[in-house]
Amino acid sequence: MLSRVADSLYWMARNIERAENNSRVLSARLINMLEASDTDAVAERDWEEVIEICSSLSDYKKEYSTFNPDTIVQYLAFQDGNPNSLANCIGFGRDNAKSAREIIPHELWECLNECYWNSIDVDRQYWNLQEVDRLLREIKLMSFTTQGVIESSMTRDATYTFIQIGKWLERAEKTARILNVMCEKARKESENPEEHHYYYWLAALQFVNGHDAYLKKYPPAISAKDVLSFLITDGTFPRSIQYCVNHVWDSVKDMEGGKVSHYSEELFDAIERVKIEFDEMRIKDLQMHELGEFLDQFQNHCNNIGHIFSKTYYLIEPTDSSVGVMTQYQN
Amino acid sequence: MLKQYDSKAFFDEMMEMDGKPKSHYEQFHDILNRFSVEDLHEKNETAQLSFLRQGITFTVYSDKTGTERTMPFDFIPVIIPPDQWEQIEKGMKQRVKALNLFLEDVYNDQQIIKDGLIPRELIEENPYYYKEQASGLKIPNDSHVFLAGIDLIRDEHGEYRVLEDNLRNPSGMSYVFQNRFVMRRVFPEFFNSHQICTLERQLSNLHEALLSHAPENCEDKDHPIAVLLTPGSYNSAYYDHVFLAQQMGIELVEGRDLIVKDDCVFMKTIRGLHRVDIIYRRVDDDFLDPEAFNPDSVLGVPGLLEAYRKGNVAITNGIGNGVADDKAMYAYVPDMIRYYLDEEPLIKNVETYFLRDREAREHVLENLDKLVVKNVGSSGGYDMLIGPHATKAEIDLFREKIIQDPAQYIAQPTIKLSRAPAFQKERFYPCHVDLRVYVMGGKKLKVLPGGLSRVALKEGSLVVNSSQGGGGKDTWVLKKGSDDSC
């Protein structure tokens with residue numbers, strides 16, 4: 001497979017996954033906004049965290065000084081200048097798919113293409129919440145459908161693997177990012193009683209679509225420790241960080257036929273290092289600030305793995321669009 | 001259904017003057033009458049949407065927001081009876097064979113010039129004549145033309161004539177397949193009752209033809225590695241490139257995916273460099289190799305031409321083909337057919353006057369109001385006079401131009417392009433059509449049955465070009481009795 005095409009597949013998967021995750025976060029926040037009777041200050045903080053998860057708070061602050069929900073939705077869904085806006089993720093993902101079109105299933109392309117045209121149909125200036133809500137649902141469905149097409153019709157070769165690795169890395173980073181933002185919040189408000197934190201951890205579970213799965217496993221009480229263990233080290237939940245890292249490891253190993261070669265050594269080393277850290281981790285023994293450090297470090301590792309991965313398979317130098325999306329995670 | 005339809009003074013593909021369908025359209029006409037206008041409208045919408053969904057679009061460069069358009073599709077097919085098709089097929093093979101021999105000659109011995117058939121300056125002054133880059137090469141099968149697109153029109157008597165040869169990068173073949181695909185999906189009713197030549201085997205024919213171009217120094221001649229070189233996803237014909245690469249099962253590469261080392265061409269893969277033997281390029285000559293052509297080109301591959309000249313890689317369509325398909329050379333193609341093949345052309349040209357010739361020039365200058373005058377060096381309808389539609393001032397301007405530089409211009413009679421019914425916005429009306437026929441060259445020449453029928457959907461318009469409101473139609477070649485050859 002051409003390196004340029006492999007690169008497109010990898011970024012296509014990341015962009016689809018990112019669009020899905022950001023849609024879910026935004027959608028969960030919009031629902032909470034309707035329910036909660038928060039004070040302004042609380043509401044503002046809640047929006048801050050959503051911006052930080054879906055984009056970059058400092059970039060947002062460069063352009064806007066207020067936290068008006070309409071402005072934020074506009075920024076996260078449609079803004080051209082926000083490289084991680086939903087419109088951009090879909091557009092980039094579609095471009096990626098386009099330049100790999102001859103080797104991906106045509107249903108995959110059609111699905112992404114249709115989502116793109118539907119997103120174009122929403123007026124970028126005069127939208128209403130109903131339209132945005134419909135778009136968020138469409139994006140999530142698009143992601144599910146594309147994954148279904150990939151699972152049910154692609155041969156398990158390098159093409160498939162590059163898509164999968166993009167997806168797992170993106171997912172792991174997003175979960176880490178969500179937890180990182182929530183830990184930071186919990187730490188800042190440590191003077192408040194513990195119960196008050198309930199909402200953060202509930203939101204974290206909702207953001208990764210893990211609330212139902214969590215409830216089945218743990219008593220219907222939501223505690224920081226349980227949520228963190230669940231989302232970091234649970235080996236069965238498909239959005240826990242460890243689950244994703246294990247799948248990156250398995251995918252690379254499969255593609256390399258189980259052998260570590262000269263050129264792939266660095267990549268194996270990098271993933272293994274992360275795996276070992278997980279094995280030695282005792283989430284329950286860690287303090288909030290230590291967790292924050294761990295998650296920070298993990299995000300850096302992910303970045304690093306992405307770079308080594310690109311180097312190992314001669315993926316192209318990032319173009320403008322991928323530079324934009326990569327910077328999201330470089331703190 | 002077509003009661004209000006008036007075929008007037010033009011040749012109509014489907015209808016007779018008396019309002020009855022032609023015999024090879026009778027069956028189609030019968031089935032068409034079973035639908036209501038509402039049904040047809042709905043089916044038409046479904047067809048248009050299907051193109052957008054599948055992303056079968058071309059790029060419009062001028063417009064920032066909506067840079068992608070689908071080519072409008074019209075569901076009334078152009079139907080060609082078997083005898084007529086046989087004639088076209090023979091004529092196209094004959095023409096491309098002669099053009100190929102001409103290219104081989106002009107880049108080697110130039111016998112046709114020595115014999116005085118074609119003026120030397122016409123070749124040497126041609127901007128697409130790449131003497132230095134393309135002369136004296138041993139080309140696999142002597143095949144300069146791997147894929148040709150020959151544009152045909154029909155005059156007011158229904159006679160097919162060649163309007164233009166495209167021997168460089170003819171596009172649109174994917175539309176032939178997609179038009180058929182969409183048509184089958186939206187109007188299955190028509191296909192049960194018609195015996196139509198299928199397109200199914202054509203892409204393997206194309207693949208076979210491509211692989212027959214393996215270069216002299218190919219390491220494994222039984223399994224050469226072929227790629228399609230595209231300028232990239234922003235090119236207006238990108239869908240065409242995707243489709244052909246996918247259907248032939250070859251890699252779709254961009255210039256940056258290729259590298260030349262020790263005069264051999266390699267593609268950059270996730271497992272390192274892989275040797276490439278055959279390049280079906282959809283990049284113009286000028287942009288192929290910055291070392292040999294345009295030094296500013298970023299689309300190309302440095303060193304590619306040297307690899308080609310050494311016989312380490314095949315490039316097709318051949319470099320320098322442009323010398324054979326421009327407007328001035330067009331007029332000589334019938335002579336080429338007589339010269340190289342000793343045959344009379346089966347499909348005629350549109351009559352063309354060379355204005356360098358004194359007698360012809362005088363005739364043309366007297367009849368400018370009836371003729372079309374074209375600059376041999378320009379395309380896309382620029383620097384062109386359509387006499388019957390021109391003002392007196394425009395005619396006078398061209399009179400001056402011709403007197404000043406007669407060799408730069410040719411003149412042709414104004415042809416009454418044939419028409420076919422189109423159904424858009426819930427009604428039928430006549431539109432001008434033309435037909436691009438695709439000829440594939442390898443060990444021998446093959447013709448894709450039918451081709452791309454283009455239609456000027458704007459009423460009265462003669463422009464079939466998709467960037468100016470032109471659309472496409474499915475083209476059916478009817479089978480002859482129990483003929484299974486297509």
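Hi everyone, let me start with a lysine: B:Lys480 is partly exposed, its relative accessible area being 42%. By that I mean the range between buried, under 20% relative accessible area, and exposed, over 50%, with a 1.4 Å probe and protein chains only.

A word on the ground rules. This is a predicted model, where local features need pLDDT of at least 70 and side-chain atom pairs count only at pLDDT 80 or more, while totals for chains, interfaces and linings use all residues. Side-chain values use heavy atoms, leaving out hydrogens and water, residues are numbered from 1 along each chain as its sequence is written, and chains are lettered from A and ligands numbered from 1 in the order in which they are written.

Back to our lysine. Which residue forms a salt bridge with B:Lys480? The partner is B:Glu86, with the closest N and O atoms 3.1 Å apart. B:Glu86 sits in helix 3 (residues 82-106) of chain B and B:Lys480 in the segment after strand 22 (470-477), so this pair ties together parts 394 residues apart in sequence. Helices here are DSSP runs of H or I, at least four residues, and strands are runs of E, at least two, numbered from the N terminus. B:Glu86 is partly exposed as well, at 34%.

A salt bridge, for the record, is a side-chain nitrogen of Lys or Arg within 4 Å of a carboxyl oxygen of Asp or Glu. Over all chains, the structure holds 51 of them.

Now to chain A. A:Asp234 and A:Lys217 meet in a salt bridge at 3.0 Å, N to O. The aspartate lies in the loop between helix 11 (224-233) and helix 12 (241-255), and the lysine in helix 10 (residues 211-217), so the pair ties together parts 17 residues apart in sequence. Buried or exposed? A:Asp234 is buried, at 8%, whereas A:Lys217 is partly exposed, at 46%. Also in chain A, a network of salt bridges links A:Glu17, A:Glu20, A:Arg24, A:Arg171 and A:Arg239.

Finally, the nonpolar cores: sets of buried Ala, Val, Leu, Ile, Met, Phe, Trp, Tyr and Cys residues joined through side-chain atoms within 4.5 Å. The largest has 244 residues, and A:Trp201, A:Ile232, B:Met92, B:Phe190 and B:Met336 touch the most other members. Helix 8 (residues 158-188) of chain A gives the most to this core, 14 residues. A second, separate core of 14 residues includes B:Leu371 and B:Tyr409.

Thanks, happy to discuss!
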